[in-house]
Every structure is written in C-alpha cells, then in structure tokens.
Amino acid sequence: MENIAKHPILEIPDKKKIDFKFDGKLLYGFEGMVISSALFLNKVKIFGHHVKDRSPQGLFCANGQCSQCNVIADGVPVKACMTLLTKGMKIESCNGLPELPLEDSHVEVKDINLINTDVLVIGGGPAGLSATKILGENNIDVLLVDDKSRLGGKLVLQTHKFFGSQEDVYAGTRGIEIGNLLGEIVSNLDSVKIWVNSIVLAIFSDGLVGIIKDMDVYSLIKPKYLLIATGAREKMLVFPGNTLPGVYGAGAFQTLVNRDLVKAAENIFIVGGGNVGLIAGYHAIQAGINVVGLIEALPQCGGYKVHEDKLKRLGVPIYTKHTVISANGKDKIESITIGKLMGSWDIEPGTEKTFACDTLLIAVGLDPVDEFYHKAQQFNMKVWIAGDAQEIAEASAAIFTGKIEALKILKEIGVPLTENLEELEDFANLMKAKPPDPIQTEVIQKEEGIFPLFHCNQEIPCNPCTTVCPQQQIKTVDDLITQLPYFTDDQDCIGCGNCVAVCPGLAITLVDNRKDKNAPVVTFPLELTSKKIETGRTVMVVSNDGDLGEYEVTRARFLKEFPKTQLVSVKLPSEIAKVAVGIKLIKSSYTEPMDLYQQSHTDDDIIVCRCERVSVGEIRKWIRYGVHDFNELKALTKAGMGACGGKTCTTLINRIFREEGIEQEKIIPGTKRPLFVEVPMGAFAGLKTKKGGK
Ligand code: SF4
Ligand code: SF4
Ligand code: FES
C-alpha cells in the first residue's frame with residue numbers, strides 16, 4: 001500500500017485498516033477514506049471504461065463534480081471520490097453504463113422538510129467559514145452547508161503557511177490550521193447550524209434551495225438571505241492524451257496527498273506556474289514524490305516568486321514558454337512530451353522533449369463556481385457571493401471577502417456596522433491583485449552582528465515577518481502590506497528566529513557574524529522533514545540559482561510557536577552567506593528526457609468533452625458549418641450533456657470558438673438547468689438516498 005507514513009507537516013492519524021474487494025481482489029484501505037483514495041492506495045488508477053469508446057476512466061476532479069471516477073459499490077453506481085469506503089465493501093469497475101438497481105416496489109411519496117433560515121451559506125471553505133463566523137457572532141440564524149465530510153474547503157489541503165496580513169487573515173498560519181480554527185469557532189456559535197456531507201442540488205424560481213442533507217434526505221430551505229461561497233473548479237486543457245488516467249488537476253492531487261495521505265504518484269510533471277501549480281509541486285516533495293518538471297506557457301511563472309524559488313532550489317526544472325504537446329500511454333499516463341513555444345502557440349521545431357512520469361497535474365487556473373449565484377439573481381433572491389466564486393484569488397483573500405459579504409448582509413438586516421466597507425473593499429482588492437514583477441534588490445552591506453536577510457523581492461500582500469519580531473525591528477516600506485520588508489537595525493536582533501520560522505515563503509535567513517565574521521552561521525527554515533537534523537551532519541546549501549556546496553550543521557531547533565518549521569544553522573564562508581537561501585536534503589530531482597516518443601495527432605484524437613467523449617475535431621467541424629449555439633452543439637454531438645453538466649468542457653469549447661475566430665457575442669450560451677449534481681429520483685419523493693436510492 002502506498003500511504004504516507006511520515007510527513008513534515010501533517011500528523012499521521014492512527015486509522016483502522018479495513019478490507020474491501022475490487023473486481024474480486026482483496027485489498028485494504030483505511031476507515032474514513034473515500035473509495036478513490038483507497039483504490040489509489042492500492043495503485044489502482046483505472047476505475048472503468050467509457051461506454052462510447054472503451055477508453056480507460058479514472059479519478060479526475062476528486063470533488064464530486066464529474067463522474068469519471070464512477071464505480072459500482074455494493075451493487076450501486078457511485079462516485080468513488082465522494083463515497084466512503086466501508087468494511088467488506090464489494091467494489092466493481094464501471095465498464096460501460098452502470099446498471100441501475102432493480103426497483104419495482106410501490107413508492108410512497110413523503111413530505112419534504114421545509115426549513116426557514118435567515119441566512120443560508122453555501123460552501124464551508126475559507127469564504128463561507130469567515131462569513132458564518134461574522135454572522136454567527138452577531139447572533140444571526142445561519143445554516144452553513146458543505147458537501148464534504150469536514151469543514152474547511154480547500155484550506156484542508158493547504159499545508160503551507162498563509163500570506164496576507166496576520167491580523168485579518170491569519171497570515172503565517174497554515175491553511176489546514178486556519179480551517180480547523182474557523183471550523184471550531186463556527187461550530188460553537190449558538191445561532192449557526194452546520195450541515196456537512198450535504199449537497200445543494202438546485203435553486204428554484206420560488207426562492208427555495210434543494211439540498212440532500214447528509215447525502216440521504218432531501219430538504220428544501222427558504223433563506224431570507226443567501227451567500228454563495230462555492231469556491232472554484234479547476235480548468236482543463238485540450239491536448240492528446242488529456243483524459244488518460246493519471247492526468248488530473250492539482251487540487252485533486254492535493255486531496256489525495258494532503259487530505260487522504262495517499263502517496264498518489266512516484267514522478268509527477270506539472271503544467272502551470274501559478275501559485276496552485278507551484279504549491280502542489282512543493283506539497284508533492286513534502287510527501288516524498290519526485291517532481292520531474294514544471295512548464296509555464298508565459299515567459300515567467302505567474303505565481304509568487306517565493307513559491308517558485310522554493311521549488312527551484314530543490315532542483316525542480318521550470319520550463320517557461322513551454323506547453324504540453326501530448327500525454328503518452330496506453331491505459332494510463334507513462335510520459336509527457338513538451339515543447340517550446342514560439343511567438344504564437346506554435347512549437348519551435350526541435351525543442352520537443354519527453355519525460356517519463358506517472359502523473360500529470362494540470363494547474364492552468366480556476367473557474368468560479370457561480371451557477372447558484374446567477375440562478376438566485378435570476379429569481380430575484382437576496383444573494384451575495386464571496387471567495388473564489390466571486391473572483392479567483394488566494395485563500396487569504398477569500399477569508400477576507402467572506403467577511404466583507406457577511407458585513408453587507410448584516411447591513412441589509414439592519415445591524416449597525418463599525419467597519420468601513422469601502423476601506424475593506426480596497427484592502428480586498430490589494431489581496432486579490434496579481435503579483436507584480438520581482439524587484440532587483442541590493443545586497444545588504446552589513447557585516448557585523450546578527451541580522452535577518454529577506455530573499456523576498458516581490459511586492460505581494462504579506463506581513464507576518466513584521467509582527468513577530470520581539471525587538472520590533474522588521475517593517476515594510478511605508479508600513480504598507482504590499483511593500484518589501486526590511487530590518488530597521490535601530491535595536492539589536494536577538495537571534496530568536498521568529499521571522500525565519502513565520503515566513504510563508506521560507507524567504508528569510510538569519511546571518512550571525514558574532515563569533516566569526518569570516519565564517520558566519522546562517523540559519524535557514526526547513527519544512528521537508530519533522531526529524532531534527534543532527535549537529536555535525538553536512539547538508540547541501542543552495543542559492544536561488546543552484547547548489548553552493550555541502551556544509552556542516554551547527555545547530556537545529558524547533559520553536560514552540562512554529563513547531564513544524566525547523567531552523568537549521570550552518571557555518572558558511574562569508575562570500576556565500578548572503579546568497580544562501582536554503583538547504584536541501586534530497587538529490588536534485590532533475591530527470592533526463594527520454595528518447596523522443598512522439599506520435600502525430602489530429603483534432604479527432606483530442607477529447608474536449610470527456611464525459612461524452614466528443615473530440616475537438618467534431619466540435620470544430622460543426623462550428624465551421626456555422627453552429628454558434630451551445631444548445632445546438634449539444635444536440636448534435638452530446639458535448640456538455642454528460643454527468644458533469646458541461647462544467648468541464650464549456651470553457652474548452654469556448655476556446656475552440658475563439659480559435660475559429662467567432663466573437664464571444666456571437667456565441668449563444670447553453671441553457672443551464674438544475675440539477676447541479678446527479679441525484680436518485682426517489683429523493684424528490686422524500687425517500688432516503690443513502691442506500692443507493694430509487
Ligand atoms: S531573529 Fe528575532 S529578533 Fe532578530 S529580526 Fe528576526 S524576529 Fe527580530
Ligand atoms: S519575508 Fe515577510 S513579507 Fe516576504 S514572504 Fe516572508 S513573511 Fe512575507
Ligand atoms: S466534460 Fe462533462 S459534459 Fe462535457
């Protein structure tokens with residue numbers, strides 16, 4: 001089994017091992033795990049085959065939004081990523097269309113619960129939790145609904161410390177801890193009711209919201225005010241092999257690795273140099289997974305420079321101006337071919353490279369999950385939207401926009417506000433802003449005493465380093481959160497290490513010349529092992545440009561306030577003390593390209609609608625015939641008619657329209673109808689759905 005037995009950040013809980021069968025074979029998983037994770041744990045990545053072309057199917061969104069991971073569990077078709085494994089479960093792969101359970105008994109229609117609430121918050125991630133906290137603290141009656149078994153949304157997947165301001169969004173604290181903290185706060189608020197494991201199916205024209213509570217009982221909610229905090233879904237790309245098992249989103253990967261503690265891969269390749277891709281790469285390394293490389297189509301990564309530097313100094317090659325040519329493999333991904341982009345989206349001949357990998361993470365951005373908001377607006381409900389559903393940004397920004405929208409609801413209710421909403425909106429915009437280009441900073445001239453060095457040269461909204469110094473010696477220029485930090489040097493640094501440990505970018509080192517200025521001791525943060533590094537051991541010291549050499553560790557320690565960040569001190573020659581930014585314990589992950597393996601592909605081989613297996617070629621053909629209406633395309637090809645309801649392919653098809661030179665205003669969007677996810681029909685008759693439904 002490939003479970004993660006040790007992790008530098010995550011606690012490994014003692015979970016009960018349980019047996020189950022997959023296609024007749026006895027396997028083991030852990031209690032509390034979903035089926036897809038239990039299958040990955042046993043290296044099963046093909047969950048079935050598509051009815052149309054027998055193509056292998058496996059995990060894709062890991063979020064209940066598609067049906068690529070369908071399996072038959074105890075005779076009932078279920079989504080493997082949303083269904084808990086139970087002891088002795090008999091799971092079969094889903095080959096073709098699943099057979100529905102036989103049911104011919106008379107159905108007695110029962111009454112559906114109708115529940116009134118002041119505020120319904122849909123989504124228990126960073127935005128929904130922070131909004132619920134504000135509303136609950138003001139004694140407003142809130143029902144908070146989330147489709148996962150635990151609150152936190154994407155915070156649950158985030159093992160890294162947050163950027164932003166410490167005061168407003170818990171910067172310097174790990175996402176997972178913020179999720180736990182907010183979850184605990186809202187759970188203790190008297191006026192807040194929480195429904196986890198509960199899926200919102202639809203918003204209806206009479207202002208009612210249909211929800212399957214506890215994945216079992218259908219209820220209707222009548223809220224006076226509605227807050228949509230449904231987050232985002234991952235964007236996909238079209239390229240040959242894009243639907244092979246093993247090609248999936250970075251969020252799905254983090255779910256497997258950080259939530260379910262499954263070592264989901266040996267060698268991953270990442271497409272996309274935004275924060276999501278860069279962070280997923282670092283999380284992979286923390287879980288003992290090799291990152292073969294990362295490509296970014298633009299001339300530079302779009303994520304924070306400090307995240308990019310963390311990967312680079314561990315030896316992960318980052319190929320900018322590159323794109324994916326194909327994912328290769330028969331039943332699952334075995335390699336990826338990439339190529340360098342010329343000015344347009346054409347590949348420069350001769351730049352193709354193929355790398356062996358067993359997983360390809362797509363991290364090319366997120367789309368807001370905002371369908372409920374638009375429906376509620378259409379039906380004239382009093383509705384607000386926060387977090388990624390409102391605008392894609394960092395989770396810290398989502399915490400903040402959740403607060404703002406909750407305050408707006410309070411204002412609407414008539415609760416007097418002490419906060420200035422305009423000022424808060426300005427701050428939210430700062431948090432949501434795209435990171436600017438890094439600044440060329442000068443190396444500090446100081447040669448005496450002890451002082452921190454900031455390898456942080458991009459003006460991003462972040463300030464935890466300014467708040468932890470007991471000597472109050474760290475400030476940002478003009479005290480602005482987006483300006484670069486500096487050491488004021490008005491008073492002595494006492495070498496406490498707080499600044500080194502709190503920095504989410506692992507971008508602060510401490511240079512200590514006090515004993516010997518020709519051989520200063522430099523202290524680095526380390527988050528790659530929870531085991532204390534032995535004194536006397538040699539470690540590879542790195543700059544942002546590469547390895548600097550092996551040097552001896554003089555001290556290693558964990559601070560009580562920052563227990564997961566180890567501070568490792570190393571004696572270095574003075575010439576490299578100021579450029580040294582970290583240490584690495586693993587060998588460089590650089591992997592040589594394989595002998596070029598490239599097949600020629602046509603648009604007919606590339607799938608754009610994975611649910612219905614519709615190719616780019618087919619869509620292009622109809623667009624060229626003059627079809628500009630999504631509904632017509634759907635009728636002609638079935639694209640968008642699949643289990644995900646077009647959530648995955650609509651953006652991709654829009655891109656084909658653009659490639660064909662069709663202007664956006666000439667494209668007629670598809671009609672969006674409830675339901676949001678599949679549900680057994682018996683639910684609407686008041687029948688319990690847990691046993692598979694009717
Ligand atoms: S090591 Fe401690 S005293 Fe020195 S600058 Fe950092 S936080 Fe301040
Ligand atoms: S050095 Fe300070 S401002 Fe820069 S990333 Fe670290 S904590 Fe944030
Ligand atoms: S990808 Fe799901 S309907 Fe097209």
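Colleague: Where does leucine 506 lie?

Modeller: Leucine 506 lies in the loop between helix 12 (498-502) and strand 28 (508-512). Helices (H or I, at least four residues) and strands (E, at least two) are DSSP runs numbered from the N terminus. Before we go on: this is a predicted model, in which local features need pLDDT of at least 70 and side-chain atom pairs count only at pLDDT 80 or more, while totals for chains, interfaces and linings use all residues. Residues are numbered from 1 along each chain as its sequence is written, chains are lettered from A and ligands numbered from 1 in the order written, and side-chain values use heavy atoms, with hydrogens and water left out.

Colleague: What is phi of leucine 506, and is the residue buried or exposed?

Modeller: Phi is near 45 degrees, a positive value in a residue other than glycine. Leucine 506 counts as buried because its relative accessible area is 4%; buried means under 20%, exposed over 50%, and partly exposed in between (1.4 Å probe, protein chains only). Lysine 638 also isn't a glycine and has a positive phi, about 75 degrees. That lysine is in the loop between helix 15 (630-637) and helix 16 (649-659), and at 42% relative accessible area lysine 638 is partly exposed.

Colleague: Why does lysine 310 count as buried?

Modeller: Because its relative accessible area is 5%. Lysine 310 belongs to helix 7. In sequence, lysine 310 and valine 581 are 271 residues apart, yet their C-alpha atoms are 9.2 Å apart in space.

Colleague: On to the holes. How many cavities of 30 Å³ or more are there?

Modeller: The general idea first: rolling a probe the size of a water molecule over the atoms shows where empty space is left. On a 1 Å grid over the protein atoms alone, a cavity is a set of points where a 1.4 Å probe fits but cannot get out, a pocket is an open set with protein on both sides within 12 Å along at least five of seven lines, and lining residues have an atom within 4 Å of a point. Here there are eleven cavities of 30 Å³ or more. The largest cavity has a volume of about 150 Å³, a volume being the space filled by probe spheres set on the points, which are joined across faces, edges and corners. Its lining has 20 residues, with Cys456, Ile460, Cys462, Cys465 and Pro485 nearest the centre.

Colleague: Which ligand sits in the largest cavity?

Modeller: Ligand 2, where "sits" means that more than half of its atoms lie within 2 Å of the grid points. Around ligand 2 (a heavy atom within 4 Å) are Phe163, Phe454, Cys456, Cys462, Pro464, Cys465, Pro485, Cys503, Pro504 and Ile508. The shell has ten nonpolar, no polar and no charged residues. Here Ala, Val, Leu, Ile, Met, Phe, Trp, Tyr, Cys and Pro count as nonpolar, Asp, Glu, Lys and Arg as charged, and the others, Gly among them, as polar.

Colleague: Which residues come nearest to ligand 1?

Modeller: Of 13 residues around ligand 1, the nearest are Cys469, Cys493, Cys496, Gly497 and Cys499. Cysteine 469 is buried at 16% relative accessible area, and so is cysteine 499 at 8%.

Colleague: What volume does the second largest pocket have?

Modeller: About 800 Å³. Its 26 lining residues have Thr441, Glu442, Phe454, His455 and Asn457 nearest the centre. By class, the lining holds 15 nonpolar, six polar and five charged residues.
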